Amino acid sequence: GKRNVERDVENREIENSPTNAHRMWTLAMSSTPQRFKDKGSLWYMAHMLQYVMRPNLHLQRLILAAKRAVRWVSPSLGVHVRRGDACEKGHERLCVGSQELLPDIRRMYLQYQLRGVYLATDSASMVRELKIAAPDINWMVLEPLDRQQLDPTS
């Protein structure tokens, strides 16, 4: 009756809870098959994750198209700069300008002898400022991407 339905709902909530999902994932990943035991559970987990997280053919094509669009080179540095609402009052994020970021970018670019910097940002002004301030750096930016609608400082 009603009591069984309530118990079934309760059991489903427990089964689908984040804590239980984490516990089940941990158990599944720690159960290294016997034939891989000599390699260790970390090796097994890494290979399982590599398999599970590999991009499908459609995503592989999208990644390749994006890399061609930015003229991808390797080795490179990836820099993500979020502006917009992240810089508004009430967020705990420190929003810095291009001049504060550039010394660290340049140091890594030179120290690791990189061939490019991939810049991912919602800020058209950040793209402009960095390209003007450091024309010697090979900036890889996904263009054309209309950042105007994302960037209050454009």
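## Around helix H6

Colleague: Which residues are buried in helix H6 (residues 124-133)?
Modeller: Let's begin with the words: a helix is a DSSP run of H or I at least four residues long, a strand is a run of E at least two long, and both are numbered from the N terminus. Buried means under 20% relative accessible area, exposed means over 50%, and partly exposed lies in between (1.4 Å probe, protein chains only). By that rule, the buried residues of H6 are Ala124, Ser125, Met126, Val127 and Leu130.

Colleague: What kind of model is this, and how many helices and strands does the chain have?
Modeller: The model is predicted: local features need pLDDT of at least 70 and side-chain atom pairs count only at pLDDT 80 or more, while totals for chains, interfaces and linings use all residues. Residues are numbered from 1 along each chain as its sequence is written, and side-chain values use heavy atoms, with hydrogens and water left out. Along the sequence the pattern reads α-α-α-α-β-α-β-α-β. The count is six helices and three strands.

Colleague: Which elements do the buried residues of H6 pack against?
Modeller: Packing is judged by contact, meaning heavy atoms within 4.5 Å. The partners of these buried residues are S1, H5, strand S2 (116-121) and strand S3 (139-140).

Colleague: Is serine 98 buried or exposed?
Modeller: Serine 98 lies in helix H5 (residues 98-111). Leaving aside neighbours within four places in sequence, serine 98 is in contact with Met126, Glu129 and Leu130. Because its relative accessibility is 4%, serine 98 counts as buried.

Colleague: How far apart are the C-alpha atoms of arginine 83 and alanine 124?
Modeller: Arginine 83 sits in the loop between strand S1 (76-81) and H5. With 17% relative accessibility, arginine 83 counts as buried, and its contacts beyond four places in sequence include Asp122, Ser123 and Met126. Arginine 83 and alanine 124 are 41 residues apart along the chain, yet their C-alpha atoms are separated by 9.9 Å.

Colleague: Which residues have the most contacts inside the largest nonpolar core?
Modeller: A nonpolar core is a set of buried Ala, Val, Leu, Ile, Met, Phe, Trp, Tyr and Cys residues joined through side-chain atoms within 4.5 Å. The largest one has 16 residues, and S1, H5, S2 and H6 each supply at least two residues of this core. The residues with the most contacts inside the core are Val79, Ile105, Val117, Leu119, Ile137 and Trp139.

Colleague: How far apart are the closest N and O atoms in the salt bridge between aspartate 104 and arginine 107?
Modeller: A salt bridge is a side-chain nitrogen of Lys or Arg within 4 Å of a carboxyl oxygen of Asp or Glu, and the structure holds two. Aspartate 104 and arginine 107 both lie in helix H5, three residues apart, about one turn of the helix. Aspartate 104 is partly exposed, as its relative accessible area is 44%. The closest N and O atoms of this pair are separated by 3.9 Å.

Colleague: Which residue forms a salt bridge with aspartate 136?
Modeller: Side chains of opposite charge can pair when their charged atoms come close. For aspartate 136, the closest N and O atoms of the salt bridge are 2.6 Å apart. This pair links distant parts of the chain, 30 residues apart: aspartate 136 is in the loop between H6 and S3, and its partner is in helix H5. That partner is arginine 106.
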